[in-house]
Amino acid sequence: MERLLRRAAPWRPLPGPQRAALDNPADVLLFGGAAGGGKTDLAIGAALTRHKRSIIFRREAPQLAGVIDRLATVLRGRNGYNGAEKMWRLADGRKIEFGSCPHPGDESRFQGRPHDLKVFDEITHFQEGQFRFLCGWLRSEVPGQRQRVICTGNPPTNAEGRWVIGYWAPWLDPLHPNPAKPGELRWFAVLDGKDVEVSGPDPFDHGGERITPQSRSFIPSRVTDNPYLVETGYVRQLQALPEPLRSQMLMGDFKAGGEDSAWQVIPTAWVEAAQARWTPKSIRGPMDSMGVDVARGGRDEMIISRRHGSWFDDLIGLPGVEIPDGPTVAARVIAARRDQAPVHIDVVGWGASPFDFLRQNGVQVVAVNGAEASGGLDQSGRMRFRNKRAELWWRFREMLDPASDAGIALPPDSRLLADLCAPTWKFTVQGIQIESKEELIKRLGRSPDRGDAVVMAAMTTTKPRFDFTVGHAATEYDPYAR
């Protein structure tokens, strides 16, 4: 009888988290956290038992070898596998495909190819843009066939993977105001280009469109949930890892810090300390500076950062679709401005038009062009900067340095943390050079607008004696000036 059961069902889930993940009704599920919890087996098992046409992604093609080998072990052979096509055709008509997206833009190779199960093995290795693009072709022509996305992975170990914490914020972000329990469903909709958590699954109207929310969930697993690996002594290997890797791989701790690159401009711990200092304020004091990063359209947001001394207010994010032209951008900036605060705006690309409108309306506005030459030196007085972008980012690094005792307080925004910790630097004959925004977009698959806006808000510009937008004298007061 046992032999017949194995032949009829070559894979069965482990009791506990793996079984709960297989049965979880979420449209988009994250499973895992720790190493050895049966993540890859869940992907294989769902494809073998619940779906008709599946695709399993890894970021790099060579990483698929382990998944394919594991499937061959479960099926007791490679009958039906075509290595050239990276496709497994099973006797019952199921198809399991394998794909990779090592470079930005590779995801377009899978455009229009429907699957009722999409698996992203080690999701933190993927760019957010790649993930969202590939999910767009989740569909089935088989009536009644369930369609879903399963993501597996460990906590991110670098800035590129931190978007996962924001995507599953109710479970993974310790600062989320309404935490979710493992396996709980939460519902989300994309409204005006932004992810918004909504109250439930019921469709609703927004902007003349009928919106149907999607559900997300997260189920954690650890090696102790996998009796086969426990018996091999794998726990001992994980226990021997250095921190924070030990907490990440053994306990699945998404709060444990990843290892910073040696060339990361701003250490993660410095940003986390600045966010830990932040508390809401009803009395903020004078607004001393604003930083504005103008949206480049599409999913990008226009970000406004407002600084009151060393305290930075909550960021204002406006979808690109809501700001179609320069006058609209200028109006939004003026509405958020207080106390004749100087406005620092990125004028490269879309920022030039709102800069002109602000200036024409009497606003003290400072054009920021990161490619311009810099005549400044670092705090030691020994190192020069390759351009203005390098100077601004390095100045902000110096402000966040615990040795500076500047007391910077940043809003607890996981996306801001990811942006500020993303850029890297190198030393050239022209001085310190910071990774360009274009290079970052290519590497991250998104624009680090929040980080750029905060860095510009950290600039110090003396206020004018007269501000035409309010029609009276303004004080030359900036307690943050150095």
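Reader: Which elements of the protein have the lowest and the highest mean pLDDT?

Author: For the protein as a whole the mean pLDDT is 85, and 85% of the residues reach 70 or more. Among its elements, the highest mean, 97, belongs to strand E15 (residues 311-312), and the lowest, 36, to strand E22 (residues 472-473).

Reader: How many contacts beyond four places in sequence does the model have for residues 1-8?

Author: Where pLDDT is low, the predicted coordinates should not be read in detail. Over residues 1-8 the pLDDT stays under 50, and the number of such contacts in the model is three. Residues 470-482 also have pLDDT below 50, and for this stretch the contacts beyond near neighbours in sequence number 35.

Reader: Is strand E13 largely enclosed by the rest of the structure or largely open, and how many of its residues are buried?

Author: In a regular strand the side chains alternate between the two faces of the sheet. In E13, Ser289, Gly291 and Asp293 point one way, while Met290 and Val292 point the other way, and all are buried. Strand E13 (residues 289-293) is therefore largely enclosed by the rest of the structure, the buried residues being five of the five.

Reader: Which residue of E14 is the bridge partner of Val292?

Author: Strand E14 (residues 301-308) pairs with E13 in the antiparallel sense, over five bridges. Within E14, the bridge partner of Val292 is Ile304.

Reader: Which residue of E17 is the bridge partner of Met290?

Author: E13 also pairs with strand E17 (residues 343-346), here in the parallel sense and over three bridges. Within E17, the bridge partner of Met290 is Val343.

Reader: Is Arg76 buried or exposed, and what is its relative accessible area?

Author: Arg76 belongs to the loop between helix H4 (64-75) and strand E3 (81-82). Its phi is near 60°, a positive value in a residue other than glycine. Since exposed means over 50% relative accessible area, Arg76 counts as exposed, because its value is 58%.

Reader: What is the phi of Lys86?

Author: Most residues other than glycine have a negative phi. Lys86 lies in the loop between E3 and strand E4 (87-89), and it counts as partly exposed because its relative accessibility is 30%. Although Lys86 is not a glycine, its phi is positive, at about 55°.

Definitions and conventions:
Residues are numbered from 1 along each chain as its sequence is written. This is a predicted model: local features need pLDDT of at least 70, side-chain atom pairs count only at pLDDT 80 or more; totals for chains, interfaces and linings use all residues. Side-chain values use heavy atoms; hydrogens and water are left out. Buried means under 20% relative accessible area, exposed over 50%, partly exposed in between (1.4 Å probe, protein chains only). Helices (H or I, at least four residues) and strands (E, at least two) are DSSP runs, numbered from the N terminus. Two strands pair if DSSP finds at least two bridges between them. pLDDT is the predictor's confidence in each residue, from 0 to 100. Contact means heavy atoms within 4.5 Å.
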